[in-house]
Amino acid sequence: MLIPMWNIVADENMPLVEELFSNISGKAAHIKRLAGRSITSRDLHNTDILLVRSVTQVNQSLLEGTHVQFVGSATIGTDHIDLDYLAAKNIAFSNAPGCNAQGVAEYVLTSIAYWAEQRHIDLTKVTVGIIGAGNVGSRVAKVLDILGIKYLLNDPPLADAGDPRDFVGIEQIQQCDVVTCHVPFVRAGQYATYHLVDDAFLEAMPQQSLLINSSRGAVVDNTAALEIKRAGKVIDYILDVWEGEPDVNIELFEQTMIATPHIAGYSQEGKIRGTYQLYQAFNQWFDLEDSIALDELLPEAPKWQWSGSLDGLYQSLQPYYDIEADDQRMRQVKNNIQKKFDHLRKTYPQRLEFLDTL
Ligand SMILES: NC(=O)c1ccc[n+]([C@@H]2O[C@H](COP(=O)([O-])OP(=O)(O)OC[C@H]3O[C@@H](n4cnc5c(N)ncnc54)[C@H](O)[C@@H]3O)[C@@H](O)[C@H]2O)c1
Ligand SMILES: O=C(O)[C@H](O)[C@H](O)COP(=O)(O)O
């Protein structure tokens, strides 16, 4: 007897797939877990549902000849997905906007606090330039607002679309003490972000400034970032994403104040929200009811209480998020980063969200 069943292929690093997908509307599922970077079309024989993260290239060469009906990516970024191909083949698609935005905002806040402590910088005198004011950039702005740290926003697509917030041009962002990137990776066109931070941008940044990149590696020209340091510019880098990842430019890595393996958004809650958003999208696509609520899945987490002073900010944040420990984990595999990059991500320790206000 043929038992109707969903055949699902899911990235091995996606939590709760079994809990959420194994019994949807009484229909069982066969779930195959694979390392995202190595999924091939042969793995998708008879597959109905494909659940990926940012490391799987989803395109014609992966999907042609398969019967995949639904692709979910537990990410906001979609630069690994050929959306036009999916649309042309009428394959449903969902990503997970905002699922990990709080985790990234907490990474950025901790980064700024760490830099200020290391460089003895008074955060009341600092201006942060935020490039990209979507899910992450808006949350970064919100937390800076609460702490009374000045910031400027740059987001030409939103400005052109009539977003009422005050936006500035990229030239003003370049003058900021801290620049943090929260844009998608877009190679070409009016709003291209490929090498948005290039040699001219870095040249224009003040001495003793900080550049944070937790968006996509190639938003920052990694070669230019290395060259400008070699030329004597005093600039600090906190990098979570790398051009050509997992092949990290080791010389640039050595020049960083903090280096992490694309984990800025890896809070436990962010990963859970990512899978849950795909579950919701899947149900909507097949006109099914959600039978599990998100609240049932999220952990309880202790929340940070702000003292009201920016002095000692990093010391007060570190018990909640120890970014130095993340940096150390990456430095320990310095001689073998390319091979260990995915392992560091797969074995990333549990990190809980600590800001109550976002
Ligand atoms: N490191 C991580 O773990 C991690 C986690 C989440 C997101 N990300 C990356 O960060 C990016 C931002 O995430 P998000 O959730 O805020 O995405 P989002 O789509 O909500 O926001 C991106 C914003 O960038 C703006 N933008 C697009 N092109 C621009 C340009 N040329 N100049 C300035 N602004 C531009 C868009 O208008 C949008 O408002 C994602 O696309 C993803 O690549 C990384
Ligand atoms: O785009 C995003 O949302 C993040 O960059 C992404 O989720 C983190 O990497 P992943 O675990 O999906 O490979």
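Select D287 to begin: with 7 C-beta neighbours inside 10 Å, D287 counts as exposed. A residue is called buried if 20 or more other C-beta atoms lie within 10 Å of its own, exposed if 12 or fewer, and partly exposed in between, with C-beta atoms placed from the backbone. D287 has a positive phi of about 60° although it is not a glycine. Its place is in the loop between helix 11 (268-285) and helix 12 (313-317). Here helices (H or I, at least four residues) and strands (E, at least two) are DSSP runs, numbered from the N terminus.

The model is predicted: local features need pLDDT of at least 70, side-chain atom pairs count only at pLDDT 80 or more, and totals for chains, interfaces and linings use all residues. Residues are numbered from 1 along each chain as its sequence is written, while chains are lettered from A and ligands numbered from 1 in the order in which they are written.

**A further positive phi**

Move to L16, in the loop between strand 1 (5-11) and helix 1 (17-21). L16 is not a glycine, yet its phi is positive, at about 65°. With 15 other C-beta atoms within 10 Å, L16 is partly exposed.

**The two domains**

Next, colour the chain by domain: domain 1 comprises 6-95 + 268-296, and domain 2 comprises 100-265 + 322-347. These bounds come from an automatic or database domain assignment. The centres of the two domains, taken over C-alpha atoms, are separated by 29 Å. Seven residues of domain 1 are in contact with 11 residues of domain 2, contact requiring C-beta atoms, placed from the backbone, within 7 Å. The side of domain 1 that touches domain 2 has one nonpolar, four polar and two charged residues. In this classification Ala, Val, Leu, Ile, Met, Phe, Trp, Tyr, Cys and Pro count as nonpolar, Asp, Glu, Lys and Arg as charged, and the others, Gly among them, as polar.

Now select residues 116-264, where an unreviewed UniProt entry places the feature "domain: D-isomer specific 2-hydroxyacid dehydrogenase NAD-binding". UniProt positions are given in the numbering used here, feature names are shortened, and annotations may be inferred rather than shown by experiment. The span 116-264 is 32% helix and 17% strand, and its end C-alpha atoms lie 19 Å apart.

**The nonpolar cores**

Which residues have the most contacts inside the largest nonpolar core? Select A105, V108, I112, V128, V140, V178 and V197, which hold that position in a core of 63 residues. Helix 4 (residues 101-119) gives the most to this core, with 11 residues. A nonpolar core is a set of buried Ala, Val, Leu, Ile, Met, Phe, Trp, Tyr and Cys residues joined through C-beta atoms within 7 Å. Leaving aside residues up to four places away in sequence, V178 touches I112, V126, V128, G129, S209, L210 and I212. A second, separate core of 31 residues includes L20, V52, F70 and I76.

**The annotated active site**

Select R216, E245 and H262, listed by UniProt for "active site" in an unreviewed entry. Although spread over 47 residues of sequence, they cluster in space, with a largest C-alpha distance of 9.3 Å.

- R216 is found in the loop between strand 10 (209-213) and helix 9 (222-230). R216 counts as buried because it has 22 C-beta neighbours inside 10 Å. Not counting residues up to four places away in sequence, R216 touches G77, D79, F185 and V241.
- E245 is found in the loop between strand 11 (235-239) and helix 10 (250-254). E245 counts as partly exposed because it has 19 C-beta neighbours inside 10 Å.
- The peptide bond from E245 to P246 is cis, with omega near 10°.

**The ligands**

Display ligand 1, which 34 residues surround; the closest are G77, G132, G134, N135 and G265. A residue is near a molecule if its C-beta atom, placed from the backbone, lies within 6 Å of it. By class, this shell has 17 nonpolar, 14 polar and three charged residues. Helix 4, helix 5 and helix 6 (156-160) each supply at least two residues of the shell around ligand 1. G134 is found in the loop between strand 7 (127-131) and helix 5 (135-147).

Finally, display ligand 2, which has R53, S54, V55, T75, I76, G77, N100, H262 and G265 around it. Its shell has two nonpolar, six polar and one charged residues. Domain 1 and domain 2 each provide at least three residues of the shell around ligand 2.

Note on methods: Contact = placed C-beta atoms within 7 Å.
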